[in-house]
Amino acid sequence: MEPWLRAAANDAALMSDFKTVCGFGGRMSGSGQDDAAMAWAMARAGEVAAAARTLTVPYDAWRCGAANLELLGAARQPLACRPLLRSASTPEGGLELDVVDAGRGRPEDFARLGDRARGRAVLVRHEYPFTGDHVHRRRKYDMAVEAGAAAFLIANNVPGQGVLSGSSGRPRGGAGIPAAYIDHEGGAALASACEAGAARVRIAVSGEEVEDARASVGIAEIPGGRDGVIVISAHMDGHDLGVSALDNGTGVAAALAAFRALAARVGPDTPSLRLCFFCAEEWALTGSARYLAELAPAERARIKFDINLDTVAGDASLTALISDFPALAAVVKDAGDASGVAVGTWLPLMPNSDHANFARHGIPALRLLAGFGKPESRVNNILSAGDVPAIIEEAELRQAVAVTCALADAALRMSDAQLASLASR
Ligand SMILES: [Zn+2]
């Protein structure tokens, strides 16, 4: 490993930055913790980049009030639940609904159910989000809405882990249905009631729209002498069951360390290096979507490559999700060799973090991710109360910094023609 790369991986402030980010709490957008963490991170980035500023973009904020779920009938019991962000509200007093078990809630499950979802509460299962054939919660929710379901219940697949937190993706003014996470045990109770032919629940959810809410976007840039921008991005916001250590304290801390190490690698012969921190990522990737949409097309076209860090520790394995840009596979391979880390690649676009919004604008983009295809890894604490700093190994975070630096440095050293060729699909 080159000495500068080794030094980058050994960054003295990496772990204290990581703990500081987690110390702000779960950083749920709208909680204020996200903005406080952003202010701190931009001050940190400002130590190496003169141009560090925080913008805001609008997002569809929403606040959850009371939520209740009860299994009725012979096995009557309260069930732990947590409404999905932007869940539709029930009428006051709640709804009484029959439940139908849609298994994992994949397209074939909904096809099998046919009309039986109509007017009922549909039960599906959460899946470990980082596998090649994963079906996202928001897609399952959309299928339930489309099938005419009256409510959506998604059970944690991991026993003993409690409920999870996540977004429904329902836009402001969108029709939608009441939707909530339940724990594994609650899912099992509902499934047995379904099997016994008498699954009925009372669900009550009340949430309210928050008008005129804005999400922070932190931008720091080290100007190079050539036109073009290489971006390192990470989302700052999270969920509040744990402290969003995996998702995404790891990405934020690694991005700051990489930015520090790369500052001296930017010069008259390189493009510029930009650090982007987004909020409202957990709200259907809204922060980065609005940031990119609001850039003038010519300004957007200056961005040549996005390296998005989201959940980069929690397992020793690292994978780059390369968003249907086949030319990125070789760049990842070289960066892995340079940093002494075996980094896998996954070609199909996975719209599970901010890189997807860059990719949608035709910008070569990847997400660096730990634990891809490893549901038994510590990454399975994502979205749960178990997403805390203690599950992160320092060595994992350090290798992510080394790979990020190698990736960005390779891009900084590419010719304009080489950078342009990354975009071919
Ligand atoms: Zn994330």
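Q: Where in this predicted model is Ser339 found?
A: Ser339 is found in helix H10, which spans residues 328-339.

Q: Why is Ser339 called buried?
A: Its relative accessible area is 4%. Buried means under 20%. Ser339 is therefore buried.

Q: Which residues is Ser339 in contact with, leaving aside neighbours within four places in sequence?
A: Met1, Leu5, Ala402, Val403 and Ala406. Contact here means heavy atoms within 4.5 Å.

Q: How many cavities of 30 Å³ or more are there?
A: The count comes to three. The largest cavity holds about 300 Å³ of space. It is lined by 26 residues, and those closest to its centre are His136, Arg137, Glu282, Asn352 and Leu383.

Q: Why is the largest cavity said to lie between domain 1 and domain 2?
A: Domain 1 (3-59 + 213-421) and domain 2 (63-210) both give residues to the lining, so the cavity lies between them.

Q: What makes up the lining of the largest cavity, by class?
A: The lining has 10 nonpolar, six polar and 10 charged residues.

Q: Which helix gives the most to that lining?
A: Helix H5 (residues 137-146), with three residues.

Q: Which residues of H5 are buried?
A: Arg137, Arg138, Lys140, Tyr141, Met143 and Ala144 are buried in H5. The elements covering them include helix H4 (107-113) and strands E6 (121-125), E7 (151-155) and E8 (179-182).

Q: What follows H5?
A: Gly148 follows H5, and its phi is positive, near 85 degrees.

Methods
Residues are numbered from 1 along each chain as its sequence is written. This is a predicted model: local features need pLDDT of at least 70, side-chain atom pairs count only at pLDDT 80 or more; totals for chains, interfaces and linings use all residues. Side-chain values use heavy atoms; hydrogens and water are left out. Helices (H or I, at least four residues) and strands (E, at least two) are DSSP runs, numbered from the N terminus. Buried means under 20% relative accessible area, exposed over 50%, partly exposed in between (1.4 Å probe, protein chains only). On a 1 Å grid over the protein atoms alone, a cavity is a set of points where a 1.4 Å probe fits but cannot get out, and a pocket is an open set with protein on both sides within 12 Å along at least five of seven lines; lining residues have an atom within 4 Å of a point. Grid points are joined across faces, edges and corners, and a volume is the space filled by probe spheres set on the points. Ala, Val, Leu, Ile, Met, Phe, Trp, Tyr, Cys and Pro count as nonpolar, Asp, Glu, Lys and Arg as charged, and the others, Gly among them, as polar. Domain bounds come from an automatic or database domain assignment.
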